[in-house]
Amino acid sequence: MNARMLQYLALCVFLLAACGPTASPSPADAITFDTLRRLDDFEFATAGDGKPGEWSIIENDAGRVLAQLDSDPADNRFPLAIYRPFSGRDAYVSIRFMTISGETDQAAGVFVRFTSVDDYYVARASALENNVGLYRVVAGKRAMIGYMEVNVSGQAWHTLGIAICFDGRELFVATDRRFPGSPGKVGLWTKADSMTWFESLKIGSLD
């Protein structure tokens, strides 16, 4: 990789069916929500407008999941679950998720290089819009980097991932120069009144 390429942040975004393999460019730690103490590993915040998110570990037919349950419909509302133990510059993150309901949106996302509620990268899937997008958030303003239409079924399990690499089963690869080297947190993202279940969070460092 030449010096010019090193100036770019390369991200691949992929959405896999629940039964498909999750490709990781490096060994990843799997975080499950089989115990209520797992909540202590997260800091919860809300970007934009509206009420704070309501995060809880609940039981379903498949076991325990981390759920965002508040249904405030404010469109510019982004409940966040920030994973405390990990911080890094280059990371792989994926989550298995199911969108349950929402009239404004039915969305799930993962973020990397999080330094504040106003500064991070996020890959998000929307069951209402049937697409997956990659966004840069700077000073609270969101800008799209990449986008693809794809079937995102509601009330069905999917896996969404983001990696700073050129690997994995990607929907698209995008480059960006805005956050070239700052380390940050990773975590989970929702939007507006999305009621979403999350399980099997995978995190791997590429530093």
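Author: Gladly! Let us begin with aromatic pairs: rings of Phe, Tyr and Trp pair if their centres lie within 6.5 Å. Please keep in mind that this is a predicted model.

Reader: How many aromatic pairs does a search of the whole structure find?

Author: The search turns up 9 aromatic pairs. Take Phe78 and Trp189: planes under 30 degrees apart count as stacked, and these two rings have planes at 25° with centres 5.5 Å apart, so the pair is stacked. Phe78 belongs to strand E6 (residues 77-83) and Trp189 to strand E14, so the pair ties together parts that are 111 residues apart in sequence.

Reader: Are Phe78 and Trp189 buried or exposed?

Author: Both Phe78 and Trp189 are buried. Here, buried means under 20% relative accessible area.

Reader: Which residues form an aromatic cluster?

Author: One cluster is made up of Phe33, Phe42, Phe44, Trp55, Tyr83 and Phe198. A ring can also have a charge over it: the charged end of Arg142 sits over the ring of Tyr135, 4.4 Å from the ring centre.

Reader: Let me step back to the whole chain. How many helices and strands does the chain have?

Author: The chain has 1 helix and 15 strands. It holds 207 residues, and 48% of them count as buried. Look also at contacts between residues at least 6 apart in sequence: 74% of these join residues at least 24 apart.

Reader: What holds strands together in a sheet?

Author: Strands of a sheet pair through backbone hydrogen bonds, either parallel or antiparallel.

Reader: Which residues are bridge partners of Gly109?

Author: Gly109 has Trp189 as its bridge partner in E14, and Arg124 as its bridge partner in E9. For Val110, the bridge partner in E9 is Ala123.

Reader: Why is E8 described as largely enclosed by the rest of the structure?

Author: Count its buried residues. Strand E8 (residues 107-116) has 10 residues and 8 of them are buried, so E8 is largely enclosed by the rest of the structure.

Reader: Now for the loops. Where is Asn130 placed, and what is its phi?

Author: Asn130 is in the loop between E9 and strand E10 (131-138). Its phi is near 50°, a positive value in a residue other than glycine. Asn130 is partly exposed, with a relative accessible area of 31%.

Reader: And where does Gln155 lie?

Author: Gln155 lies in the loop between strand E11 (141-149) and strand E12 (158-163). Its phi is near 55°, again a positive value in a residue other than glycine. With a relative accessible area of 58%, Gln155 is exposed.

Technical notes:
Residues are numbered from 1 along each chain as its sequence is written. This is a predicted model: local features need pLDDT of at least 70, side-chain atom pairs count only at pLDDT 80 or more; totals for chains, interfaces and linings use all residues. Side-chain values use heavy atoms; hydrogens and water are left out. Helices (H or I, at least four residues) and strands (E, at least two) are DSSP runs, numbered from the N terminus. Buried means under 20% relative accessible area, exposed over 50%, partly exposed in between (1.4 Å probe, protein chains only). Contact means heavy atoms within 4.5 Å. Two strands pair if DSSP finds at least two bridges between them. Rings of Phe, Tyr and Trp (its six-membered ring) pair if their centres lie within 6.5 Å; planes under 30 degrees apart count as stacked, over 60 as edge-to-face and the rest as tilted. A charge sits over a ring if NZ of Lys or CZ of Arg is within 6 Å of the ring centre and within 35 degrees of the ring normal.
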